[in-house]
Amino acid sequence: MNRFLSSAFVILIGLLVILVPTYILPVCPPTEIMANSHDHHITYKFMKCHWTSQAEIGIGTAMVVIGLIILLIKSTLIRLGLNISLLVIAMFVAAVPTVLIGVCPSEMMACHIGTLPALLLLSGILFIGILVNIFYLKRLS
């Protein structure tokens, strides 16, 4: 039973990590910059939060894949190893918007008000949930 619950938990959190910066609490949109007025070429300037969002999409996708693998694997020791890797991934979820890439410098921006706290909350929930599951799996092995 634990395999199904832990898999669903990881997949759900992974999907939320993908959806929070893109749809639920989206990061700042890119700003248009007119390169020159002669050819009307428009370029876009992306804020740091855009790149944080892109990184979180990759991290969330990895979480969903690991969640599916947990569902398929019966070995307790392999699931224990996958859960230990998820502890590191939980730290990455928090590190990307705080240390590695960051969000916009203004505290009034959407990424500062919504996306950052939501990603930190998801990271904490994942970390605690996986830690509980690791202790459970350790008792089984």
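**From values to terms**

Tutor: We may begin with Phe46, which has a relative accessible area of 34% and is partly exposed. Please bear in mind throughout that this is a predicted model.

Student: What makes Phe46 and Trp51 an aromatic pair, and why is the pair called edge-to-face?

Tutor: Their ring centres lie 5.6 Å apart, and the cut-off for a pair is 6.5 Å, so the two rings qualify. Their planes stand at 65°, and an angle over 60 degrees counts as edge-to-face, so that term applies. The structure holds one aromatic pair.

Student: How many disulfides are there?

Tutor: The count is zero disulfides.

Student: How do you know that Cys28 is in no disulfide?

Tutor: The nearest cysteine sulfur to that of Cys28 belongs to Cys104 and is 3.6 Å away. A disulfide requires the two sulfur atoms to be within 2.5 Å, so Cys28 is in none. For Cys49, the nearest cysteine sulfur is that of Cys104, at 3.5 Å.

Student: Why are Cys28 and Cys49 called buried?

Tutor: The relative accessible area of Cys28 is 9%, and that of Cys49 is 0%. Buried means under 20%, so the term holds for Cys28 and for Cys49.

Student: What makes helix H1 roughly antiparallel to helix H2?

Tutor: Helix H1 (residues 2-24) and helix H2 (residues 48-72) pack at an angle of about 165°, with their axes 8 Å apart. Angles over 145 degrees count as roughly antiparallel, so H1 is roughly antiparallel to H2. Their crossing is left-handed. The contact of H1 with H2 comprises 15 nonpolar, eight polar and two charged residues.

Student: How do you know that helix H3 is roughly antiparallel to helix H4?

Tutor: The axes of H3 (residues 76-100) and H4 (residues 110-140) cross at roughly 160° and come within 9 Å. The angle is over 145 degrees, and therefore H3 is roughly antiparallel to H4. H3 passes H4 in a left-handed crossing. By class, 19 nonpolar, five polar and two charged residues form the contact of H3 with H4.

Definitions and conventions. Residues are numbered from 1 along each chain as its sequence is written. This is a predicted model: local features need pLDDT of at least 70, side-chain atom pairs count only at pLDDT 80 or more; totals for chains, interfaces and linings use all residues. Side-chain values use heavy atoms; hydrogens and water are left out. Axes are lines fitted to C-alpha atoms, for helices over the stretch in contact, and angles run from 0 to 180 degrees between N-to-C directions. Helices (H or I, at least four residues) and strands (E, at least two) are DSSP runs, numbered from the N terminus. Angles under 35 degrees count as roughly parallel, over 145 as roughly antiparallel, 65 to 115 as roughly perpendicular and the rest as oblique. A crossing is left-handed if the near helix is turned anticlockwise from the far one by less than a right angle, and right-handed if clockwise. Ala, Val, Leu, Ile, Met, Phe, Trp, Tyr, Cys and Pro count as nonpolar, Asp, Glu, Lys and Arg as charged, and the others, Gly among them, as polar. Buried means under 20% relative accessible area, exposed over 50%, partly exposed in between (1.4 Å probe, protein chains only). Rings of Phe, Tyr and Trp (its six-membered ring) pair if their centres lie within 6.5 Å; planes under 30 degrees apart count as stacked, over 60 as edge-to-face and the rest as tilted.
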